[in-house]
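Good morning, and thank you for coming. I would like to walk you through one structure, element by element. Please look at the sequence and the model as I speak.

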Amino acid sequence: MSIARLTDAERAAALGTLPGWNLREDGLAIVRTLKFGDFNEAFGFMTRVAIEADKRDHHPEWFNVYNRVEITLTTHDAEGLSERDVALARFIDGIAPAA
Ligand SMILES: C[C@H](O)[C@H](O)[C@H]1CNC2=NC(N)=NC(=O)C2=N1
C-alpha cells in the first residue's frame, strides 16, 4: 500500500506544530532526541512506542544508549515524510518526558 509524501508546504506546516522535532538534512525524515533518568525509563518509553508502532504498522528507526533515545521517522513507502510520521511523532510527544 502506498502513501503520499508530504509536499514542501505540508511538511513545513507539520514541523511548525512539532517543536521537538527537526528535519533531517536530506529533508526525508524527522528526528528527535530524548533523555530519560536512566535506562529503565528509556526502555519503558521505547516499549510503549514499540507497541503503538506495531499497531499502526509504522515503525521508528532509533538508537539507544543508556538514557538517550534518538528517533528518526520516515516512510519508506513514500520515500520521505508522510502524515503517518507526523501522527507517530504526536503520539511520541504525548508520552515523552517534559523537556
Ligand atoms: C510491509 C509493511 O507494512 C511496511 O514495510 C511498513 C512497515 N513499517 C513501516 N514503517 C515506516 N516507518 N515506514 C514504512 O514505510 C513502513 N512500512
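This is a predicted model: local features need pLDDT of at least 70, side-chain atom pairs count only at pLDDT 80 or more; totals for chains, interfaces and linings use all residues.

**One residue and its surroundings**

Let us begin with Glu70, which touches Arg32, Thr33, Glu61, Trp62 and Phe63 when residues up to four places away in sequence are not counted. Contact here means heavy atoms within 4.5 Å. Glu70 lies in strand S4. Helices (H or I, at least four residues) and strands (E, at least two) are DSSP runs, numbered from the N terminus. Is Glu70 buried, partly exposed or exposed? Its relative accessible area is 30%, so Glu70 is partly exposed. By the definition used here, buried means under 20% relative accessible area, exposed over 50%, and partly exposed in between, with a 1.4 Å probe and protein chains only. Glu70 and Asn22 stand 48 residues apart in sequence, and their C-alpha atoms are 12 Å apart in space.

Residues are numbered from 1 along each chain as its sequence is written, and side-chain values use heavy atoms, with hydrogens and water left out. The term pLDDT is the predictor's confidence in each residue, from 0 to 100. The chain averages a pLDDT of 97, and 99% of the residues score at least 70. The model also scores ipTM 0.90 and pTM 0.95.

**The sheet**

I turn now to the sheet. In what order do the four strands lie? They form an open sheet in the order S1-S2-S4-S3, with antiparallel pairing. Strand S1 (22-23) and strand S3 (61-65) are the edge strands, each pairing on one side only. Two strands count as paired if DSSP finds at least two bridges between them.

We can follow the pairs across the sheet. S1 and strand S2 (residues 30-35) pair in the antiparallel sense over two bridges, and Asn22 has Val31 in S2 as its bridge partner. S2 and S4 are joined, again in the antiparallel sense, over six bridges; here Leu34 stands opposite Val69 in S4. Between S3 and S4 there are five bridges, also antiparallel, and Trp62 stands opposite Ile71 in S4. The hairpin of S3 and S4 has two residues between the strands, and in this hairpin Tyr66 takes a positive phi near 50°.

Next, consider Ala29, in the loop between S1 and S2. With a relative accessible area of 0%, Ala29 is buried. Leaving aside neighbours within four places in sequence, Ala29 is in contact with Asn22, Leu23, Arg24, Thr72, Leu73, Thr74 and Leu81. Ala29 and Thr72 are 43 residues apart along the chain, yet their C-alpha atoms are separated by 6.4 Å.

**The helices**

Helix H2 (residues 39-56) lies across S2, S3 and strand S4 (68-73), and runs at about 165° to S3. For this angle, axes are lines fitted to C-alpha atoms, for helices over the stretch in contact, and angles run from 0 to 180 degrees between N-to-C directions.

Which residues of H2 are buried? They are Ala42, Phe45, Met46, Val49, Glu52 and Ala53. Seen down the axis of H2, these buried residues fall within an arc of 130°, so they line one face of the helix. The arc is that of the directions from the helix axis to the C-beta atoms. The buried residues of H2 pack against S2, S3, S4 and helix H3 (83-95). On the face turned away from the buried side, H2 carries the exposed residues Asn40, Ile51, Asp54 and Lys55.

As for H3, its buried residues are Asp85, Val86, Leu88, Ala89, Ile92 and Ile95. They pack against helix H1 (8-16), S2, H2 and S4.

**Two loop residues**

Finally, I would point out two residues in loops. Asp57, in the loop between H2 and S3, has a positive phi of about 50° although it is not a glycine. Asp57 is exposed, with a relative accessible area of 56%. Glu79 is found in the loop between S4 and H3. Glu79 likewise has a positive phi of about 50° and is not a glycine; at 60% relative accessibility, Glu79 counts as exposed.
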